Amino acid sequence: SVPEGSAAVVATIGSILRAGMRQMNWHGFSPRAPQATNDRYAHAANVYWGVLTRYVDYYFAEHMDAIVANWAEVKMMSDELVAHSIRYVQQEEDNYVDTNELNKASSEHPEGPYGAPVSLSPVTTKSVITKDDKTDIENLKQMCR
């Protein structure tokens with residue numbers, strides 16, 4: 001087990017995981033821009049993001065009627081994500097060259113079950129939408145990516 005095989009203890013591992021998860025949010029995320037020509041991770045992440053974006057756009061175009069008809073399921077999923085999200089802690093964005101992957105303060109961070117802002121933004125606050133509710137649809141697309 002980890003506690004027996006390393007200097008890390010369960011509490012420390014949990015603390016590290018929570019700190020990392022506080023920096024994650026689907027809202028506003030995109031892969032970081034390459035910082036150099038040999039930044040292979042960033043180049044690959046952006047290629048993958050483009051492929052994924054095209055597929056999600058295609059899927060939504062093909063299934064928009066069913067997505068809209070079942071929007072109550074999206075609302076319930078969104079509520080669950082927020083209800084089980086950990087507490088949000090703002091990062092010092094000035095410390096980063098590229099903030100695309102950070103959980104930004106400008107994203108919505110609703111109050112969670114313990115009275116503090118949570119790290120995940122809601123996908124929607126509506127139980128019913130139409131095809132004209134572009135913000136909610138774009139939010140779901142972003143979360144799916």
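Colleague: What does Asn70 count as at 45% relative accessibility?
Modeller: Asn70 counts as partly exposed, because its relative accessibility is 45%. Buried means under 20% relative accessible area, exposed means over 50%, and partly exposed is in between, using a 1.4 Å probe and protein chains only.

Colleague: Before I go on, what kind of model is this?
Modeller: It's a predicted model, where local features need pLDDT of at least 70 and side-chain atom pairs count only at pLDDT 80 or more, while totals for chains, interfaces and linings use all residues. Residues are numbered from 1 along each chain as its sequence is written, and side-chain values use heavy atoms, with hydrogens and water left out.

Colleague: Back to Asn70, where is its place?
Modeller: Asn70 sits in the loop between H3 and H4. Helices (H or I, at least four residues) and strands (E, at least two) are DSSP runs, numbered from the N terminus.

Colleague: How many helices and strands does the protein have?
Modeller: There are five helices and zero strands. The C-alpha atoms fill a box of roughly 55 × 45 × 35 Å along the principal axes, and 34% of the 145 residues count as buried.

Colleague: Now the largest nonpolar core: which residues touch the most other members?
Modeller: Phe60, Trp71 and Leu140 do, out of 13 residues in that core. Helix H3 (40-69), helix H4 (71-83) and helix H5 (134-144) each supply at least two of its residues, and H3 gives the most, with five. A nonpolar core here is a set of buried Ala, Val, Leu, Ile, Met, Phe, Trp, Tyr and Cys residues joined through side-chain atoms within 4.5 Å. In soluble globular proteins, nonpolar side chains tend to be buried together.

Colleague: What is Trp71 in contact with, leaving aside its neighbours within four places in sequence?
Modeller: Trp71 is in contact with Thr124, Lys126, Ser127, Val128, Ile129, Asp136, Ile137 and Leu140. Contact means heavy atoms within 4.5 Å.

Colleague: So at what angle do H4 and H5 pack?
Modeller: About 60°, with the H4 and H5 axes 12 Å apart. Axes are lines fitted to C-alpha atoms, for helices over the stretch in contact, and angles run from 0 to 180 degrees between N-to-C directions. H4 and H5 are therefore oblique to each other; under 35 degrees counts as roughly parallel, over 145 as roughly antiparallel, 65 to 115 as roughly perpendicular and the rest as oblique.

Colleague: Which residues of H4 and H5 meet?
Modeller: Trp71, Val74, Met77 and Leu81 in H4 meet Asp136, Ile137, Leu140 and Met143 in H5. The residues of this contact divide into seven nonpolar, no polar and one charged. Ala, Val, Leu, Ile, Met, Phe, Trp, Tyr, Cys and Pro count as nonpolar, Asp, Glu, Lys and Arg as charged, and the others, Gly among them, as polar.

Colleague: And how do the axes of H3 and H5 cross?
Modeller: They cross at roughly 135° and come within 10 Å, so H3 and H5 are oblique to each other too. The contact is made by Trp49, Val56, Asp57, Phe60, Met64 and Ile67 of H3 and Ile137, Leu140, Lys141, Gln142 and Cys144 of H5. By class, that contact has eight nonpolar, one polar and two charged residues.

Colleague: Last one: does Ala45 count as buried or exposed?
Modeller: Buried, because its relative accessibility is 16%. Ala45 lies in helix H3.
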